[in-house]
Amino acid sequence: MSIDARDLLMALGESAASSGSALAQRFGVTRAAIWKQIEQLRSLGVPVTASPGEGYRLLRPINLLDASAISMAMNTRYSVSDCPIAVHWQIDSTNSEMLRRAPSHKGNAAVCFSELQSTGRGRRGRSWHMPLGGGLAFSILRRFESSMTALAGLSLAVGIGVVRGLSDLGLAGLGIKWPNDIQVQERKLAGILVELGGDSLGPCHAVIGIGINVHLDSQASERIDQPWIDVASMSTDPPERNRLAGCLLARVLEALDQFAESGFVAFVEEFARYDVLRGQRVEILHGRDQCEGVAAGVDHAGHLRVRTTDGELLVDSGEVSVRKANGASP
Ligand code: BTN
């Protein structure tokens, strides 16, 4: 008989500590097989300690995702039939999965979560890393009657949805770094990846991928190339993962409805409250070109307004990356 990582993780979560022989007996495998699978869990980022006296122990509880627990936590007018929730153990990328499902999915919206992503994708060709049980990775498929052009600003509206969900849970100090990083104290808490499909003149669909750091440890730092923060370090009583997932999903679905109804214009004022770039000297990289200026908020379509020496520039979220330049703010 073989043992899979999920079953072992659940067994570890059931008791304070489990000896290798007790686990071997339970799963009908050798102690060496248990050890091998523990090593596998560790390599995926699960903090498991081992001591001769007590056996294997999880350093902190890990709540695995569960579709009905997420649905209960949503606590909104959305029902599972409006937005079916799928939870995978492992997948290549939740965005890729929803892009694959888009042509055959009949409803208005659907969401998929995964505990592990083998090739989690970030913006601009970067990868997205998440330790097992230490983050949330999910993608929402949402249909729009409008053209793709009308979806400019969508990722900013999603950012507002994420901030609303986190605020509902009592988390404070949140900011949005245009176009779609959720930050706290200049450290990244969550990222958003929007990919479009369908007819460019409409109807079309968006796959909205959201990755959020829930509980990272030093091992994760080695794989993340920018300053980060996690939900666990922002609260003395951090929300359980299913609750976090439900609250975020509810608020993002709500923001998507609002966007479909009124466009980004409905979010402009709220965005300004969270805009961490406003008034900052920024550097715009666009292919090989670069220019510098002062960020001056966003327009009604979600373009970043940058005051440069040549006048105001409107920057499209799809084309550029923004970095704070060295030097003082004006
Ligand atoms: C970024 O900040 O670069 C965007 C990160 C988006 C990551 C999420 S995790 C869920 C979804 N699936 C992916 O492969 N990527 C997004």
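## Ground rules

Two strands count as paired when DSSP finds at least two bridges between them. Helices (H or I, at least four residues) and strands (E, at least two) are DSSP runs, numbered from the N terminus.

The model you are looking at is predicted, so local features need pLDDT of at least 70 and side-chain atom pairs count only at pLDDT 80 or more, while totals for chains, interfaces and linings use all residues. Residues are numbered from 1 along each chain as its sequence is written, and side-chain values use heavy atoms, with hydrogens and water left out.

Strand β7 (residues 181-184) pairs with β8 in the antiparallel sense over four bridges. Within this pairing, R187 of β8 is the bridge partner of V184. Two residues separate the strands in the hairpin of β7 and β8, and Q185 there takes a positive phi near 50 degrees.

The hairpin of β8 and β9 has five residues between the strands, and G202 takes a positive phi near 95 degrees in it.

## Around the ligand

Now for the ligand, which sits in the largest pocket. A pocket, found on a 1 Å grid over the protein atoms alone, is an open set of points where a 1.4 Å probe fits, with protein on both sides within 12 Å along at least five of seven lines; a molecule sits in it if more than half of its atoms lie within 2 Å of its grid points. The ligand is surrounded by 20 residues, the closest being S93, Q117, R121, R123 and K188; a residue is counted if one of its heavy atoms lies within 4 Å. By class, this shell holds six nonpolar, 10 polar and four charged residues.

An N or O atom in the side chain of K188 is 2.5 Å from an oxygen atom of the ligand. A backbone N or O atom of R121 lies 2.6 Å from a ligand nitrogen, and a polar side-chain atom of T94 lies 3.0 Å from a nitrogen atom of the ligand. Taken alone, the ligand exposes 420 Å², and the protein buries 98% of that, with areas from the Shrake-Rupley method and a 1.4 Å probe.

## Backbone details in the loops

Two cis peptide bonds deserve a look. One runs from W178 to P179, with omega near 5 degrees, and P179 is in the loop between β6 (174-177) and β7. Another joins G202 and P203, with omega about -5 degrees; P203 lies in the loop between β8 and β9.

Finally, R124 lies in the loop between β4 (109-117) and β5. Its phi is near 55 degrees, a positive value in a residue other than glycine.

Technical notes: A polar contact is a pair of N or O atoms within 3.5 Å; within protein, one must be able to donate a hydrogen and the other to accept it, and residues adjacent in sequence count only if both atoms are side-chain atoms. On a 1 Å grid over the protein atoms alone, a cavity is a set of points where a 1.4 Å probe fits but cannot get out, and a pocket is an open set with protein on both sides within 12 Å along at least five of seven lines; lining residues have an atom within 4 Å of a point. Ala, Val, Leu, Ile, Met, Phe, Trp, Tyr, Cys and Pro count as nonpolar, Asp, Glu, Lys and Arg as charged, and the others, Gly among them, as polar.
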